[in-house]
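This report is an introduction for a reader who has not seen this structure before. Please look over the sequence and the model before reading on.

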Amino acid sequence: HVIESYARQLAGGYDTDDMVQEGLIALLRAAARYDAAQGASFSTFARICILNQMRSFLRREQRAAPPAEDLVRTMEEQGDLVDPDTPESILLEKEEYDRCRMQVMAMLSDREWEILQCIMEGASYAQTAQRLQISQKSVDNAMQRIRRKMRAVRSTDYFG
């Protein structure tokens, strides 16, 4: 529900569902890249990744995103960033991520999962296409299918 809140704040009248899907992809990417040794909590790291992914999506759609400082300041004022990191909450977040990851893996084809992994590692569509030796359009089509599948699953409250 936090991702939906960010999507509503950033969407500015554009499709919130696409923003939510981008947020879910960013959450998966954050979980794969998180390093506790860097000093930030997982929830802080994930929030930054989610917000950055959503802003990148808006730029790709050729829409201006609000400055990050303004968004963070607004969210702090609304209390959206207050989330104490306790060992219990960190464990629950990890368990939720693992459950979500398994559900995503189960609904995607092997190729879709391979493409999603590249994107989650931070590769662009062009880099993913080159790495997998497919066209950039194939990557784009696969990401559209992935979003559609995730949206359908989300509408059944599969992700909690």
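Predicted model: local features only at pLDDT ≥ 70, side-chain atom pairs only at ≥ 80, totals over all residues.

## Helices α2 and α3

Two packed helices are described by the angle between their axes and the distance between the axes. For α2 and α3, the axes come within 8 Å and cross at roughly 135 degrees. Angles over 145 degrees would count as roughly antiparallel and those from 65 to 115 as roughly perpendicular, so α2 and α3 are oblique to each other. Their crossing is right-handed.

On the α2 side, the contact is made by Asp 18, Met 19, Glu 22, Gly 23, Ala 26, Leu 27, Arg 29, Ala 30, Ala 31 and Arg 33. On the α3 side, the residues are Phe 42, Phe 45, Ala 46, Cys 49, Ile 50, Gln 53, Met 54, Phe 57, Leu 58 and Arg 60. By class, the contact of α2 with α3 has 13 nonpolar, two polar and five charged residues.

## Helices α1 and α3

Helix α1 covers residues 2-11, and its axis comes within 11 Å of the axis of α3. The two axes cross at roughly 35 degrees, and the crossing of α1 and α3 is right-handed.

From α1, the residues Ile 3, Tyr 6, Ala 7 and Leu 10 take part in the contact. They meet Arg 47, Ile 50, Leu 51, Met 54 and Leu 58 in α3. Eight residues of the contact of α1 with α3 are nonpolar, none is polar and one is charged.

## Helices α2 and α6

Helix α6 spans residues 110-120. The axes of α2 and α6 come within 9 Å and cross at roughly 70 degrees, which means that α2 is roughly perpendicular to α6. This crossing of α2 and α6 is right-handed.

Ile 25, Leu 28, Arg 29 and Arg 33 of α2 make the contact with Leu 116, Ile 119 and Met 120 of α6. Five residues of the contact of α2 with α6 are nonpolar and two are charged, with no polar residue.

## The second largest pocket

The volume of the second largest pocket is about 180 Å³. It is lined by 13 residues, and those closest to its centre are Arg 29, Gln 53, Arg 60, Ala 123 and Ser 124. The elements that each give two or more residues to the lining are α2 (16-33), α3 (42-60) and α8 (136-155). The lining of this pocket divides into five nonpolar, four polar and four charged residues.

Arg 29, Gln 53 and Arg 60 are also among the residues in the contact of α2 with α3. Arg 29 is one of the α2 residues in the contact with α6.

How values were computed. Residues numbered from 1 in each chain as written. Heavy atoms only, no water. 1 Å grid on protein atoms, 1.4 Å probe; cavity = no way out; pocket = protein on both sides within 12 Å on 5 of 7 lines; lining within 4 Å. Points joined across faces, edges and corners; volume = space filled by probe spheres on them. Helix = DSSP H or I, 4+ residues; strand = E, 2+ residues; numbered from the N terminus. Nonpolar A, V, L, I, M, F, W, Y, C, P; charged D, E, K, R; others polar. Axes fitted to C-alpha atoms, helices over the stretch in contact; angles between N-to-C directions. Parallel < 35°, antiparallel > 145°, perpendicular 65-115°, else oblique. Left-handed = near helix turned anticlockwise from the far one by under 90°. Contact = heavy atoms within 4.5 Å.
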